[in-house]
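This briefing goes through a protein structure by topic, from the packing of helices to sheets, domains and a ligand shell. Please keep the sequence and the structure at hand while reading.

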Amino acid sequence: MSVLTVFQAELVVSVVELVLSQRMATDRAYAKFFAGQSLSAMQKAQVTTSTGDILRRLNLFCFLADVPLEQAHENGAKLIAAWHLLQGYEQPLLHKRAVLSPLEFNDRLLQAKATPLLWQGCPTWLDELGASQLGEQWPKERAALAERARRYIRVNELKTTREDLLGDLIKQGINAEPVTNVATAIQINDQASLFSSNAYQQGWFEQQDAGSQCVVQALDVKPGMTVFDTCAGTGGKTLQLAAMMRGKGRLVAMDIEQWKLDKLQLRAKRAGAFNIETRLIESSKTIKRRKLSADRLLLDVPCSGLGVLKRKPMAKWHDTAERLDALTQLQADILQRYSQLLKVSGIMIYATCSILPQENGDQVRQFLANNSNFLLLEDQTISPSETGFDGFYWAKIVRIDA
Ligand SMILES: C[S@@+](CC[C@H](N)C(=O)[O-])C[C@H]1O[C@@H](n2cnc3c(N)ncnc32)[C@H](O)[C@@H]1O
């Protein structure tokens with residue numbers, strides 16, 4: 001990546017400080033600071049990439065810049081100076097007080113490289129949690145989660161084929177290639193702007209990690225089925241389900257937040273997915289009224305997000321191990337209550353974007369122990385270190401009796 005201009009460096013400082021001080025979502029912070037600026041897509045991508053680098057390994061950049069972690073929110077200028085030195089670039093001329101001594105930096109760099117938790121941007125609480133749950137596998141996952149996230153899109157098979165979309169992207173000079181073993185996924189190998197492309201405006205693709213695409217594929221939905229997606233959010237996976245159903249059958253997208261369902265509807269329109277109905281979950285009655293009605297059910301439950309830290313690193317710096325207990329209770333409750341939607345012989349996927357057994361296999365084992373009318377068909381953890389994708393877990397479960 002090339003050196004940032006002073007203006008770009010200032011933008012990185014503004015985003016980092018706002019995200020850290022007000023816990024604003026990074027996407028919202030980018031939208032706020034990019035509004036009204038005449039930056040090219042490439043220049044914006046440079047800002048988001050360097051901001052992401054800093055937030056993913058915040059403890060490393062604080063150490064390199066000699067800033068206490070708890071004061072990072074008011075020291076963005078020193079953090080971006082450290083980022084420049086780490087890339088081998090001159091520091092940007094922001095404030096005199098933010099200039100780092102290259103000698104001290106190099107000394108700190110040597111120490112950081114010898115300290116995995118710094119080099120891989122991992123807070124102690126997370127390291128202890130990962131080690132206790134994943135044992136020998138954890139150091140590999142910890143290293144993988146410190147990498148920059150790769151760019152993946154999903155072809156919208158309601159509108160085009162992967163081959164045709166690839167041809168179109170390559171014709172526009174975008175470096176794109178198909179992902180082996182994930183039939184709908186394309187990897188984008190440069191920072192080209194995708195969202196201003198004709199292909200995006202036409203609804204030919206959605207941005208979606210390849211691992212997330214594998215989760216939905218596992219549900220094996222068919223045209224004509226009745227399918228429920230009860231934790232649909234803004235519809236990343238719902239839209240893929242709609243494409244797998246070829247627009248035929250009933251697809252009910254539910255969530256407890258109306259604004260997410262509103263956004264889902266807009267996305268569905270662009271994607272040409274016309275068999276989706278949205279339903280806000282207002283009380284337990286919303287589920288009870290529809291029991292024994294689903295051929296297929298996706299439970300993409302709220303989770304720690306520890307599988308997607310490359311893309312959403314703030315969980316490392318805002319969360320604690322204690323929050324996990326409340327989350328696992330919510331997951332168990334959703335699994336128990338919402339599974340009642342399934343018909344006999346119906347199949348559900350329980351999924352998380354976490355790689356921790358506590359949220360994954362342990363939950364499923366407990367559910368099956370309490371519900372002898374359900375059977376596990378198959379489960380899989382999608383490992384960031386083995387795939388390069390984000391980390392996910394899915395369990396495919398069939399209802400064998402009412
Ligand atoms: C992992 S996210 C879903 C992501 C979404 N499926 C996608 O692929 O873009 C979990 C969702 O569950 C929703 N949620 C939280 N508590 C819930 C509950 N009790 N019932 C249903 N949905 C819930 C959240 O609002 C959030 O949108």
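A crossing of two helices is called left-handed if the near helix is turned anticlockwise from the far one by less than a right angle, and right-handed if it is turned clockwise. By that convention, helices H13 and H14 cross in the right-handed sense. The model is predicted, so local features need pLDDT of at least 70 and side-chain atom pairs count only at pLDDT 80 or more, whereas totals for chains, interfaces and linings use all residues. Residues are numbered from 1 along each chain as its sequence is written.

**Helix packing**
- Helix H13 (residues 236–244) packs against helix H14 (residues 258–271) at an angle of about 35°, and their axes are 10 Å apart; axes are lines fitted to C-alpha atoms, for helices over the stretch in contact, and angles run from 0 to 180 degrees between N-to-C directions.
- Thr-238, Leu-239 and Ala-242 of H13 meet Leu-264, Arg-267, Ala-268 and Ala-271 of H14, where contact requires C-beta atoms, placed from the backbone, within 7 Å.
- By class, this contact of H13 with H14 has 5 nonpolar, 1 polar and 1 charged residues, with Ala, Val, Leu, Ile, Met, Phe, Trp, Tyr, Cys and Pro counted as nonpolar, Asp, Glu, Lys and Arg as charged, and the others, Gly among them, as polar.

**Sheets**
- Helices (H or I, at least four residues) and strands (E, at least two) are DSSP runs numbered from the N terminus, and two strands pair if DSSP finds at least two bridges between them.
- S2 is joined to the antiparallel strand S3 (residues 185–188) by 3 bridges, and Glu-177 stands opposite Gln-187 in S3.
- Another open sheet, of mixed pairing, has 7 strands in the order S7-S6-S5-S8-S9-S11-S10, and its twist averages 15° from one strand to the next.
- H14 lies across strand S6 (250–255) and S7, running at about 170° to S7.

**Domains and ligand**
- An automatic or database domain assignment supplies the bounds of domain 1 (6–121), domain 2 (151–207) and domain 3 (210–399).
- The ligand is surrounded by 15 residues, the closest being Cys-231, Gly-233, Gly-236, Lys-237 and Asp-300, where a residue is near if its C-beta atom, placed from the backbone, lies within 6 Å.
- The shell around the ligand divides into 6 nonpolar, 4 polar and 5 charged residues.

Conventions:
Two residues are in contact if their C-beta atoms, placed from the backbone, lie within 7 Å.
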